[in-house]
Amino acid sequence: MYILTFVFQGFCDIVNMSPTQWDLPVELCCRPMAFVTLTGLDVVYNAVHRAVWDAFCANRRADRVPISFKVLPGDHEYPKCRPKRTSYEWYIPKGILKTGWMNKHLNLVPALVVVFYELDWDEPQWKEKQSECATRVEIVRQSLQGRNTKVAVVLIQKKTPLPPGEDVIASERAAALCNACELSGKSLFVLPHTDHLVGYIIRLENAFYEHAQTYYYTEIRRVKSHKEFLNKTTHQLLFVRHQFKIAFFSELKQDTQNALKNYRTAYNLVHELRAHETNILEIKTMAGFINYKICRLCFQHNTPLDAIAQFRKHIDLCKKKIGSAELSFEHAAWMSKQFQAFGDLFDEAIKLGLTAIQTQNPGFYYQQAAYYAQERKQLAKSLCNHEASVMYPNPDPLETQTGVLDFYGQRSWRQGILSFDLSDPEKEKVGVLAIQLKERNVAHSEIIITLLSNAVAQFKKYKCPRMKSHLMVQMGEEYYYAKDYTKALKLLDYVMCDYRSEGWWTLLTSILTTALKCSYLMAQLKDYITYSLELLGRASTLKDDQKSRIEKNLINVLMNESPDPEPDCDTFAGKTAQKLWADRISLAGSNVFTIGVQDFVPFVQCKAKFHAPSFHVDVPVEFDIYLKADCPHPIRFSKLCVSFNNQEYNQFCVIEEASKANEVLENPTQGKMCLVPGKTRKLLFKFVAKTEDVGKKIEITSVDLALGNETGRCVVLNWQGGGGDAASSQEALQAARSFKRRPKLPDNEVHWDSIIIQASTMIISRVPNISVHLQHEPPALTNEMYCLVVTVQSHEKTQIRDVKLTAGLKPGQDANLTQKTHVTLHGTELCDESYPALLTDIPVGDLHPGEQLEKMLYVRCGTVGSRMFLVYVSYLINTTAEEKEIVCKCHKDETVTIETVFPFDVAVKFVSAKFEHLERVYADIPFLLMTDLLSASPWALTVVSSELQLAPSMTTVDQLESQVDNVVLQTGESASECFCLRCPSLGNVEGGVATGHYIISWKRTSAMENIPVIRTVITLPHVIVENIPLHVNADLPSFGRVRESLPVKYHLQNKTDFVQDVEISVEPSDAFMFSGLKQSNQSWKSSSGF
């Protein structure tokens, strides 16, 4: 986000400020690591030594032992060891902890000194080299006299050593070297300079770490041994000191659990010390140090709740230990630093994997640190307001001989003095004065801004927008106090949006007041005008007298005059601002400022409302602009402009009243453009829409209201759309939810909340004055030329011209319907696939008043189902609107839904010569095809003719003639036909044999003669044909007489391609007597018979 980037980029110099007395020492904040010095390495000129050093210190991973290495010369002078104290009986400590003690054990006094020496086991000059090595070790021991520091020797060798026990010479010489150097075997190491150097170095490190552990363990025991000689009366400080040292050595030993335990004990001991004004700072300083250590270790042990509990306890114990009232700002500074340090620890733990939440994150601690920094600033302002004539003391009471204090937290002018009585009140007074004068030069705002920016970053990270906005306001105010008005405005501008959207008007007013001061002090014209407009509005909670002053200043600016100074501004900055305003007035430049109001809440409200959601093109478009002022005094505007999406209408919606600049607040009740506070002003506009905008939306894109004139300065308030500002949507919602009864107003006034913005309207065509009638006989029959009679009659008072007809299937229906529906004006021809489904813009001429015309429309529907048909009539007519003649295009449409049904049902069946139903037919044996035509039409149908088209596989027995010519069928009546057919032998045909088509020619009985006949083709079903090897035909007389002969003939025929052996027998019957052959055996050739 831009604003936060701006905050952090702007404060790199602040964050990296030079350390102050309240910053925690570096040696306290770092992670304590065992200190090991390496001697005998020439890292500048010796490549081997340089490689060894790089292996120790370069690219150290987290899994390597925590050791701090330093290369020192062999004769380096280490800090002298003070003589051992045998008794503490008469010893009075001068303070708790010396300022150099932690640094001494971190960076000056090593736990182990390692002497590197190049020496191979097969060295020819072994004795001389051994002696030289022993001498170097002795020099190191002399420089460490009195210290318990361990000493070790590392031999840098060129060859890889043999496994232990195999190289006898090496073992002997190693023992001799240990004796010469007075070292144990565990303190002598060999470092081969080979390809595996890093591996050897890591093994060496682990050995060094064990030696260092031993050293720190010894130191802890040494300090503990002193505690036996202490007493609670005079050695209270030593109890704290020794406990702190034990804890610190435990940290160096990486025993963090014991370190934490001893730090807790030390913390309790600090608060058991008797506190007085003279030592309260030292107690707080040490308490802060130890608290920091405890919290750091708690976070390190992943027990954040313990860290938070300890910090809260620490603050509760120390927040009332203020000390000297004259230096109370020091306590605020110390408290601020405690919160900041804990916030840093919390943030560091989060980066290492700790999870924080919205209600418990570092931002709250940075915020509290900023709060105490602000308190410090206020206290310093009240306590350090010395006269300019007061000089800084000379000599400086805050300087010491060494440049640093001996003990943490003591005053430089009375170091080591533990008496509660001030021995030199004058020196004390001078010291206090020096601190106060130095405090006056502290950049408090920079400190506050740094802490607030840290808190803002945290609250942004944990999605706390309101906390973030609140702190950004404080940052803006601090920038204002720091006289960095540009950054103040950027921050305040950013947060204003949030407070406007949520309706925090009191907070917004406070922010706007500060922003107005910034813009005044920088002489920023547009910003000054914008903030003034909003402070005069309904969102402002200022009193009327304050609003009156701002309104007067705004008018002065518009008259090209300097505004009066804003109250409570810095005197020097105010004088500078007056010069800047004078320069602004003298410089010629743009005098017109356009301010978009959608993002703020000005003192003028605007709403636009069209009288209707749509207007006919022959009726003037009317709309109202409602204006309402919230300023304390009536005010006159100079111009109102309304802009539309079609800019040609802009010229008709302008109101302009000429006035002089000094008349803005004069004659408040004269003219349309004068607004009285609290009263709603309604301005009516009307214009005639253009005919080409029919069917289009007209939108108000903006409303511009000008205050002032171009001879002075002019401010144009720009509302997007139909009005409304940053608070309008929220107010409209509240008004909609409110059950409060509105007071009754006079007839010419309206309630502002009841006005609803309507910024757009549609232009629709003129209302047609014609009638359209449709005459037809539903339903339509499939494939017939269905007649639809359209009658159009004019009821206009004048002639209408260019009448056009669009008719057919209404668009937007199923695509299959479009492909199977065809429309034409000519019913004498059958429609095919080339005819459209919709005929468009058919010219039908002009119509005089009362005249009518008819148009026949023929529709052919290829499938059954419902269809919606559209008949659309358009025409032109001359008319007038607002005494302006316009040509209007009118139209009227009618829709009708027509159902399409089948005209008839056709049933087909196959029967034998005896009219018996056949599932299959037999080759070369005649059979009958019967058709049954059942009328399904609600209207009478005339069957003109029928036709049977046989497939090549079928032959007719008789001549095919239509038996239903010109038959009229009413609803439910049927007509049948019978055809005698034969199917030649075709062999086995899978799926049966095609029969052919049955074609019916028909039309409506009521249709006109010129309407074409419809041919409906019915595909006849396939029939299964079977071949019979033997055909038998019987020739029987029609009747017989009793006791007379009855001739009976049987004709048998072989229908196969082979010779057939046939046995013929006649079975006797009791009713007849037989003569002739009763049994016969025959052999027949193909196609022969008997």
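Let me start with Glu 796 and Arg 766, whose side chains meet in a salt bridge at 2.9 Å, N to O. By salt bridge I mean a side-chain nitrogen of Lys or Arg within 4 Å of a carboxyl oxygen of Asp or Glu. Glu 796 sits in the loop between strand 20 (786–794) and strand 21 (800–809), and Arg 766 in the loop between strand 17 (760–764) and strand 18 (770–775), so the pair ties together parts 30 residues apart in sequence. Helices (H or I, at least four residues) and strands (E, at least two) are DSSP runs, numbered from the N terminus.

This is a predicted model: local features need pLDDT of at least 70, side-chain atom pairs count only at pLDDT 80 or more, and totals for chains, interfaces and linings use all residues. Residues are numbered from 1 along each chain as its sequence is written, and side-chain values use heavy atoms, with hydrogens and water left out.

Is Glu 796 buried or exposed? Glu 796 is buried, with a relative accessible area of 5%, and Arg 766 also counts as buried, at 13%. The cut-offs are under 20% for buried, over 50% for exposed, and partly exposed in between, with a 1.4 Å probe and protein chains only.

A search of the whole structure finds 32 salt bridges. Another one joins Asp 570 to Lys 483, with the closest N and O atoms 3.2 Å apart. Asp 570 lies in the loop between helix 21 (544–558) and helix 22 (571–586), and Lys 483 in the loop between helix 17 (465–481) and helix 18 (485–502), so this pair ties together parts 87 residues apart in sequence. Here Asp 570 is partly exposed at 33%, as is Lys 483 at 43%.

Now the helices. Helix 9 has 17 residues and reaches 25 Å from first C-alpha to last, close to the 24 Å expected at 1.5 Å a residue; the expected span is 1.5 Å times one less than the number of residues. Of those 17 residues, 16 are buried, so helix 9 is largely enclosed by the rest of the structure. Val 240, in this helix, has 0% relative accessibility and counts as buried. Beyond neighbours within four places in sequence, Val 240 is in contact (heavy atoms within 4.5 Å) with residues including Ile 96, Leu 269 and Ile 290. After helix 9 comes Gln 254, with a positive phi near 65°.

Helix 11 (residues 280–300) is mostly covered, with 20 of its 21 residues buried.
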